[in-house]
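Here's a quick look at how two chains sit against each other. Have the model open while you read.

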Amino acid sequence: MIEPEKEKQEPLDRELIERWRNGDQRAAAEIVGRHSSALARFAMRLGQKDEVEEIVQDTFVRAFSALDGFRAESSLRTWLFTIERRLVIDKRRRLARQGNMVEVEDQHAVTSHDALDGLMADEVSDQVARAIAGLSRMQREVFTLRVQEGRSYRQIAEILDTSEGAARVHYHNAIRAVKEYLDD
Amino acid sequence: MTDCDNSEIRDMLPDLVFGTLSAADASTVRLHLRACESCSDEIELLRVVKSVRPRAVAIDTAKIVAALPKPASQSPLRLVKGRSDEVVTTAFRGQGLWKIAAAVMIAAVGSWAGFQYLTGTGGGTSASATVATAVGTPDRGLSSPNTRDSGEMVIASSNGLGDRSGAASDGAAQAGRSNTGRTNSSMAALAVGDLSLYTDADLARMLDRLEKWDGATSAQSPVSVPILPVTERGSL
């Protein structure tokens, strides 16, 4: 499988990182501009309704603070997704400890019209969003990364800290559940 | 409708939607789609799901860029994690040395001027001095015509000290007298020695003390660096 992002953008991302390391702030601006929309979408697909910009900013700050630890074999966006996902999970756990919400680990997500309200642009999108919201958290994240972000199973495994085999299983279970929901 | 049992093809459907398949694989999948209604329906579903986007959230990228940390190479002190996980502090000599030289000279001038003022050998009014010529760029070293090497700078004092040899620095007076055509201006050349002789730890300590120094006039230099008078030709 060809990973066009890796082919077209990976060298450019690497070049930008190197330029930033040498003090070129415009390189940092270009990296942020290139990946911020995808990070915002991913945060929302992870269920983050509020403070999306804050999550995206925290992701970039963490990433730039740890660029020395960025391994060239994974794409920058994959790495950013990994960081962002951990931030979203940490935030959920923090809120759960404060008693603000119930943290649901790997059970079916609570579906609520209010939770989706304002998130989707049209009715079809709304239906699809409900179908995805009905998946377990792991299924939802795998499905989102595979179908909406075009990540490979290898990249998904890296982001979600799981195996490629497990990612495939979650994906196939997810697509079956989405089809059943939409067929009903 | 039951799902197609060709899991290999089904695994490639999202890649076909994103256009990330090789030409050969794409051709194989398209051939399969012509004959498999289940996979054709599935790829249509995937296209719809892919097109679904959350409502756009405005992201202030400028604000994010402003919040980013500076790269390690831009700070005068650089922390490098060694193989044994020991933290090794290295001064970034390429840029740090000239900055240290500039900072030390500013501190030295301030101290010297303060000394002049306190001992009454100064210009009588406020003891002020200006540092003549800025330091050059790190890669070219100090490029001012009044500098000799990375360790020294020529300082022009604005209080006419050169006219009063008195008990002031002999070197300063000597430098003032030796300046041809500038007998009425006060020129004093001071050298801090060869900074490359200092260890990274010494340089780091100097920077740290300079940062903590509040700039108040003091007869005592905040940095323990030998400050030696030089002649105009640069010999000590």
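A polar contact here is a pair of N or O atoms within 3.5 Å; within protein, one must be able to donate a hydrogen and the other to accept it, and residues adjacent in sequence count only if both atoms are side-chain atoms. By that rule, ten residue pairs are in polar contact across the interface of chain A and chain B, both residues at pLDDT 80 or more. This is a predicted model, where local features need pLDDT of at least 70, side-chain atom pairs count only at pLDDT 80 or more, and totals for chains, interfaces and linings use all residues. Residues are numbered from 1 along each chain as its sequence is written, and side-chain values use heavy atoms, leaving out hydrogens and water.

Which residues make up chain A's side of the interface?

| Class on chain A's side | Residues |
|---|---|
| Nonpolar (Ala, Val, Leu, Ile, Met, Phe, Trp, Tyr, Cys, Pro) | 27 residues |
| Polar (the others) | twelve residues |

In total, 48 residues of chain A are in contact (heavy atoms within 4.5 Å) with 34 residues of chain B. Together the chains bury about 3700 Å² (accessible area lost on being put together, 1.4 Å probe, summed over both), with 64% of it on carbon and sulfur atoms.

There are also five salt bridges across the interface (a side-chain nitrogen of Lys or Arg within 4 Å of a carboxyl oxygen of Asp or Glu). One to look up is Arg168(A) with Asp11(B), whose closest N and O atoms are 2.8 Å apart.

Conventions. Chains lettered and ligands numbered in written order. Buried area = accessible area lost by both parts, 1.4 Å probe.
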